[in-house]
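Here is a short tour of one chain, written to be read with the model open beside it.

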Amino acid sequence: MRRALRFVPLALLVSAAVEIAVFVVVGRALGFGAATLLVFAASMLGLVLLRREGVRAWRGFREAAQSGRPPGRQVTDGLVGLLGALLLATPGLVSGLVGVLLLVPPVRRLARGGVQRAAERRVSSMTAGDLFGPRRVRVYRGGPQQPGQAPPPQAPTTSPLTSATGTRPAEGEAIEGEIVEPR
């Protein structure tokens, strides 16, 4: 995490340079008054959407928590929506375009999946289960495998109720498997 933070100042500098370059190109094509008006309008739209997305995220989190469902999906969807609105509110044509893209449902769904996977990698399995609900596990019938070995060629099942012997696993018996990400 700290290694990634080392590149934040460089990323901010590069993004500012790209924003300025795009503004100059658009300013030459449309006129600087029109380009300035476009940036201003996008920022105003972003501020309106920021409030709407914040209320929507809070409402989704509250409904999930009250109904007993894991709130992780609503939280990640809200975070992506808030990030999109915040980028749209930030003065700049490139950041506004990225913000608008994050508000489009198919792109938002992809970004939400990426945020969810990143969050699952950074927290324990128990916390990820509490946030995002149970995960599907693909179970392979057969003996235990050594780390790094390929799973056996048998067809996988998605039920962990039976072991290699066809019975319920004994206390402490390991079940070979892998996490299957939902689609």
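## Overall fold

Among the contacts in the chain with a separation of 6 or more, 53% are between residues 24 or more positions apart. Do keep in mind that this is a predicted model. The chain has 183 residues, and buried ones make up 25% of them.

Seven helices and two strands form the secondary structure. Going along the sequence, their pattern is α-α-α-α-α-α-α-β-β.

## The nonpolar core

Which residues make up the largest nonpolar core? There are five in all: Ala42, Leu49, Ala85, Leu88 and Leu103. Two or more of these residues come from each of α3 (32-67) and α4 (72-89). As background, nonpolar side chains in soluble globular proteins tend to be buried together.

## Helix α5 and Leu102

Helix α5 spans residues 93-103 and holds Leu102. The buried residues of α5 are Leu93, Ser95, Gly96, Gly99, Leu102 and Leu103. Their cover includes α2, α3, α4 and α6 (105-122).

Leaving aside residues up to four places away in sequence, Leu102 touches Val80, Leu83, Gly84, Leu87, Val107, Arg108 and Ala111. Leu102 and Arg112 are ten residues apart along the chain, and their C-alpha atoms are separated by 9.5 Å.

## A salt-bridge network

How many salt bridges does the count come to? The count is six. In general terms, side chains of opposite charge can pair when their charged atoms come close.

Let's start at Glu53, which is buried at 1% relative accessibility. Glu53 forms a salt bridge with Arg52, with the closest N and O atoms 2.8 Å apart. Arg52, at 49% relative accessibility, counts as partly exposed. Glu53 also forms a salt bridge with Arg108, and here the closest N and O atoms are 2.6 Å apart. That pair links distant parts of the chain, with Arg108 in helix α6 and Glu53 in helix α3, 55 residues apart. Both Arg108 and Glu53 are buried.

Arg108 meets Asp77 as well, in a salt bridge at 3.1 Å from N to O. Because Arg108 lies in helix α6 and Asp77 in helix α4, this pair ties together parts that are 31 residues apart in sequence. Arg108 has a relative accessibility of 7%, so Arg108 counts as buried; Asp77, at 15%, counts as buried too. Through salt bridges that share partners, Arg52, Glu53, Arg56, Asp77, Arg108 and Arg112 are joined into one network.

## Glu19, buried without a salt bridge

Glu19 sits in helix α2 (residues 8-30). This residue is buried yet has no salt bridge. Where is the nearest side chain of opposite charge? That side chain is Arg28, 16 Å away. Since a salt bridge needs a side-chain nitrogen of Lys or Arg within 4 Å of a carboxyl oxygen of Asp or Glu, Arg28 at 16 Å does not pair with Glu19.

## Aromatic pairs

A search of the whole structure turns up two aromatic pairs. One joins Phe23 and Phe32, whose rings are 6.1 Å apart centre to centre with 45 degrees between the planes, a tilted arrangement. Phe23 is partly exposed at 25% relative accessibility, and Phe32 is partly exposed at 44%.

The other pair is Trp58 with Phe61: the ring centres are 5.7 Å apart and the planes are at 35 degrees, so this pair is tilted as well. Trp58 and Phe61 are three residues apart in helix α3, which means that about one helical turn separates them. Phe61 has a relative accessibility of 29% and counts as partly exposed.

Terms used
Residues numbered from 1 in each chain as written. Predicted model: local features only at pLDDT ≥ 70, side-chain atom pairs only at ≥ 80, totals over all residues. Heavy atoms only, no water. Helix = DSSP H or I, 4+ residues; strand = E, 2+ residues; numbered from the N terminus. Buried < 20%, exposed > 50% of the residue type's maximum accessible area, 1.4 Å probe, protein only. Lys, Arg positive; Asp, Glu negative; His and termini not counted. Core = buried A, V, L, I, M, F, W, Y, C linked by side-chain atoms within 4.5 Å. Phe/Tyr/Trp six-rings, centres within 6.5 Å; stacked < 30°, edge-to-face > 60°. Contact = heavy atoms within 4.5 Å.
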